[in-house]
Amino acid sequence: MKESTDMSTGFNLRTIYRVGYCLQRGIFADRSLGWEKVRFYALAFLIEHPVRGRILIDTGYGSALLDATKRGIYSLYRRLLPVTLCPHDSVVEQLALDTIDLHDLSYLIITHFHPDHIGALPEFSRVPWIYRADALEQLLRYSPLRGLSHGFIRTLIPSVPSGSLPITKEQFTGSWNGLASYDLFHDASLHLVDLPGHALGQMGVATNNDLFIADARWGRGELPSPMGFLIQHDIRAYCATSRALRALPPSIKQHQTHIIEAHA
Ligand SMILES: [Zn+2]
């Protein structure tokens, strides 16, 4: 999906990539979706700045995730959330079709460490990351089983590339439309936004009038079923974040990381 670009100021959304999908009942994400099985497509967003270059937000699914969940404890993840990634749908291949090589990327922003957002992370071992270092350190301390209960698959994490920008909770001292934020380049071109609740250390990305909210809301934005709440890291924080996003002015375009469609 190509987006129109205005290269005169700040970061602009250039392309939205669909990178595989999983099947699950819609009601887990949004009460209005009912019990039908739906496709949750994972998205990756390419944003671009005339000086700071191209930044990818999340990777979607990837072959590394398919390999990691073939057998053993991590196969539970795939049983719960069956993943389909068609040939040539990986974000690296889709970027290549747009003649963008990985070394053309200035950074990869990791909104949080759930597998559908970092499923191709081993392929990004030379692209500097912007990531929540405090969350990653905590997740890496967990046993594989405890990590999996937080939706974390440690075998997807390569060494942190040089030039990466580790972020911690304490840095969110600013305010972007009332949300705790961090002005990443100190020029108001890109704000990282704290979006607690869904996952440990989840953050969003704000540029001009686009806000990439990761998994802070799904579907039409209604809250999930009570069972759906169980998959949130912190239910109270999730509801507070959801309310805060609902209160934002409509001029801010909110991008969820998942498109939900009927499963034919
Ligand atoms: Zn998530």
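Student: Before we start, what counts as buried here?
Tutor: Buried means under 20% relative accessible area, exposed means over 50%, and partly exposed is in between, with a 1.4 Å probe and protein chains only. This is a predicted model, where local features need pLDDT of at least 70, side-chain atom pairs count only at pLDDT 80 or more, and totals for chains, interfaces and linings use all residues. Residues are numbered from 1 along each chain as its sequence is written, and side-chain values use heavy atoms, without hydrogens and water.

Student: Phenylalanine 212, buried or exposed?
Tutor: Phenylalanine 212 is buried, at 1% relative accessibility.

Student: How many aromatic pairs are there?
Tutor: Five. Rings of Phe, Tyr and Trp (its six-membered ring) pair if their centres lie within 6.5 Å; planes under 30 degrees apart are stacked, over 60 edge-to-face, and the rest tilted.

Student: Which strands do phenylalanine 45 and phenylalanine 212 sit in?
Tutor: Phenylalanine 45 is in strand 2 (residues 37-49) and phenylalanine 212 in strand 12, so the pair ties together parts 167 residues apart in sequence. Strands (E, at least two residues) and helices (H or I, at least four) are DSSP runs, numbered from the N terminus. Phenylalanine 45 is buried too, at 2% relative accessibility.

Student: What about tyrosine 107 and phenylalanine 185?
Tutor: Tyrosine 107 and phenylalanine 185 form a tilted pair, 6.2 Å centre to centre with 40 degrees between the planes. Tyrosine 107 is in strand 5, and phenylalanine 185 is in the loop between strand 9 (179-183) and strand 10 (191-194), 78 residues apart. Together with Phe11 they form one aromatic cluster.

Student: Switching to the metal. Which residues are the protein donors of the zinc ion?
Tutor: His112 (NE2), His114 (ND1), His198 (NE2) and Asp215 (OD), at 2.1 to 2.3 Å. Donors are N, O and S atoms within 2.8 Å of the metal (3.2 Å for Na, K and Ca); water is not among the atoms, so sites may look incomplete.

Student: Why is the arrangement irregular?
Tutor: Because the four donor atoms subtend angles of 91 to 165 degrees around the zinc ion. Four donors are tetrahedral if all angles lie between 85 and 135 degrees; four are square planar and six octahedral if opposite donors are over 155 degrees apart and all others between 65 and 115; anything else is irregular.

Student: And histidine 112, buried or exposed?
Tutor: Histidine 112 is buried, with a relative accessible area of 0%.
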